[in-house]
Amino acid sequence: MQDLIKKNPIYVPRPEHNLSRHSISQAALNVLYQLHKSGYQAFLVGGGVRDVLLGQTPKDFDIVTNALPEQIRKLFRSCRLIGRRFVLAHVRFNREIVEVATFRASHDNGQGEGIVENGQIVRDNVYGSTVDDDAGRRDFTINAIYYDISDFSLLDYADGIKDLHDGIIRLIGNPVLRYQEDPVRMLRATRFAAKLGFSIAPKTAEPIPKLASLLTNIPPARLFEEVLKLFLSGHAVASFQQLYQYGLFQQLFPQTEACLEDPVALKLIKQVMCDTDERLSNKKSVTPAFFLAALLWPPLLCQLPNKQIKGVNLQEKLIETSQKLLARNQLQRVAIPRRITVPMQEIWLLQLRLTRQRKVKKKNLKLLEHPQFRAGYDFLLLRVKAGENHIADSANWWTDLLADKSITIPVSRRRRKKN
Ligand code: ATP
Ligand code: MG
């Protein structure tokens, strides 16, 4: 199956590549050296190699070794084994966690714990004895370049260095089978294309729209993690374009997708993506609650009555509608945890309060103390930018109020508690 994997990988000795130990974190180096000193093989692989070769800073460093999880655990004081589908060791040095995996081998070699259901790998704990075994289990060619701590060389199993150079995301092996084994690889393909500005090789791209619905077989908690990586890592605009193009966005946010023909909805979605990328590039913080509140605002708005109906309490209606929206076809897809859905709903509720008649200034000033006031106000501005013109006056009123030097803006209750 892994027809792209070489029996003899391309060997690049240290003088012929630019991956220097200075670009590897101290924690990852400690783990690599300790494994090597204890007689095990140890390699850096994945994003830690790929991103450094591209001159970027890796998000984390992944290490593979022939030591078994229990053996890894014995070597490090602060080590935890995690995961069922894929057992990993997490080694902690100060604040950094280094992920260490044992070589994997093909799940169908009849040994160990490789469980496949309808072509999908639900457990992947068949250990391989060599790095050659492991290379065939990697997803993309650019992720199958290994940095060997024993002589600082690189091993390139699938012509990944050439693809890095040419800017191509290419699956190792038969794309249909590899997506069936793990449908999340479709999201990963689009994420790397977005993050690196690469294009997806035609054979790797072609099956995605047809197989997109396989994502319904993936645990929603795993998809939530993927959503964060796709949208809150500085390349949300590009991720959205990729996901939409390949029919993946509708698998994650079906109710939002259904609203995208409305130009105001589309503008709001694009605007929040753009603002998120910009904030991250300026080293400002972003919150999943604000982002997801925006992503789900268009379907929420669609489902709310657009006028005050006599005898209907709008606040109660909004709570009820938002709960239905999340329960109907959202949390089953992407398991947004409660610690995020609660502030999302607060931001939505604040939209009512911030756009109410403002006769009593004192009552409004009280709202400044609301823990989500800033998020709610920023959300109001976002809606105006997207073209919800009917609330522009309210937004201006708050902007003027915040600019009024005679008013002391209270620190929100929640923030005060933290300090
Ligand atoms: P980043 O950390 O920047 O998201 P990464 O490539 O390091 O990118 P990880 O999720 O940290 O991604 O995974 C590390 C490596 O493990 C990958 O580079 C790849 O070789 C392998 N890998 C991860 N997920 C899969 C998967 N679903 N199928 C096959 N291989 C995978
Ligand atoms: Mg990584």
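Q: Let's begin inside the fold. Leaving out residues up to four places away in sequence, which residues does Phe231 touch?
A: This is a predicted model, so side-chain atom pairs count only at pLDDT 80 or more. With residues up to four places away in sequence left out, the contacts of Phe231 include Ser239, Thr276, Met273 and Leu243.

Q: How many residues does the largest nonpolar core have?
A: Phe231 is one of the residues with the most contacts inside this core, along with Ile169, Met344 and Trp348. In soluble globular proteins, nonpolar side chains tend to be buried together. Here the largest such core has 94 residues.

Q: From which domains does this core draw at least three residues each?
A: The domain assignment divides the protein chain into residues 10–176 and residues 231–418. The core takes at least three residues from each of these, domain 1 and domain 2.

Q: How many residues are in the other core, which lies apart from this one?
A: Look for Ile5, Val45, Ala135 and Ala158, which are among its members. This separate core has 15 residues.

Q: How far apart are the C-alpha centres of domain 1 and domain 2?
A: For scale, the C-alpha trace of the chain spans about 75 × 45 × 35 Å along its principal axes. The C-alpha centres of the two domains are separated by 39 Å.

Q: What share of the 419 residues in the protein chain is buried?
A: The chain's secondary structure comes to 22 helices and 12 strands. Among contacts between residues at least 6 apart in sequence, 69% join residues at least 24 apart. As for burial, the share of buried residues is 49%.

Q: Is Thr256 buried or exposed?
A: Thr256 sits in helix α13, residues 254–257. Beyond its neighbours up to four places away in sequence, Thr256 touches Phe249, Ile269, Leu295, Leu296 and Pro299. Its relative accessibility is 0%, and because buried means under 20%, Thr256 counts as buried.

Q: Is Ile319 buried or partly exposed?
A: Ile319 belongs to helix α17, residues 314–329. Setting aside residues up to four places away in sequence, Ile319 touches Gln345 and Leu349. Its relative accessible area is 33%, so Ile319 is partly exposed.

Q: Now for the open space: which element gives the most residues to the lining of the largest pocket?
A: The largest pocket holds about 1,300 Å³ of space and is lined by 42 residues. The elements giving two or more residues to this lining are α2, β3, β5, β6, β8, α7 and α10. With six residues, the one that gives the most is α7.

Q: Which residues of the lining lie nearest the centre of the largest pocket?
A: The lining divides into 13 nonpolar, six polar and 23 charged residues. Nearest the centre of the pocket are Asp62, Phe86, Leu88, Glu99 and Arg188.

Q: Is Arg191 buried or exposed?
A: Arg191 has its place in helix α7. Leaving aside neighbours within four places in sequence, Arg191 is in contact with Glu226, Lys229, Leu230 and His235. With 6% relative accessibility, and therefore under the 20% limit, Arg191 counts as buried.

Q: How far apart in space are Gln120 and Gly387, C-alpha to C-alpha?
A: Gln120 lies in strand β8 and is buried, at 11% relative accessibility. Gln120 and Gly387 are 267 residues apart in sequence. In space, C-alpha to C-alpha, they are 44 Å apart.

Q: What is the phi of Phe152?
A: Most residues other than glycine have a negative phi. Phe152, in the loop between β9 and β10, is not a glycine, yet its phi is positive, at about 60°.

Q: Where is Asp159 found?
A: Asp159 also has a positive phi, near 60°, in a residue other than glycine. Its relative accessible area is 31%, so Asp159 is partly exposed. Asp159 is found in the loop between β10 and α5.

Key:
Residues are numbered from 1 along each chain as its sequence is written. Chains are lettered from A and ligands numbered from 1 in the order in which they are written. This is a predicted model: local features need pLDDT of at least 70, side-chain atom pairs count only at pLDDT 80 or more; totals for chains, interfaces and linings use all residues. Side-chain values use heavy atoms; hydrogens and water are left out. On a 1 Å grid over the protein atoms alone, a cavity is a set of points where a 1.4 Å probe fits but cannot get out, and a pocket is an open set with protein on both sides within 12 Å along at least five of seven lines; lining residues have an atom within 4 Å of a point. Grid points are joined across faces, edges and corners, and a volume is the space filled by probe spheres set on the points. Helices (H or I, at least four residues) and strands (E, at least two) are DSSP runs, numbered from the N terminus. Ala, Val, Leu, Ile, Met, Phe, Trp, Tyr, Cys and Pro count as nonpolar, Asp, Glu, Lys and Arg as charged, and the others, Gly among them, as polar. Buried means under 20% relative accessible area, exposed over 50%, partly exposed in between (1.4 Å probe, protein chains only). A nonpolar core is a set of buried Ala, Val, Leu, Ile, Met, Phe, Trp, Tyr and Cys residues joined through side-chain atoms within 4.5 Å. Domain bounds come from an automatic or database domain assignment. Contact means heavy atoms within 4.5 Å.
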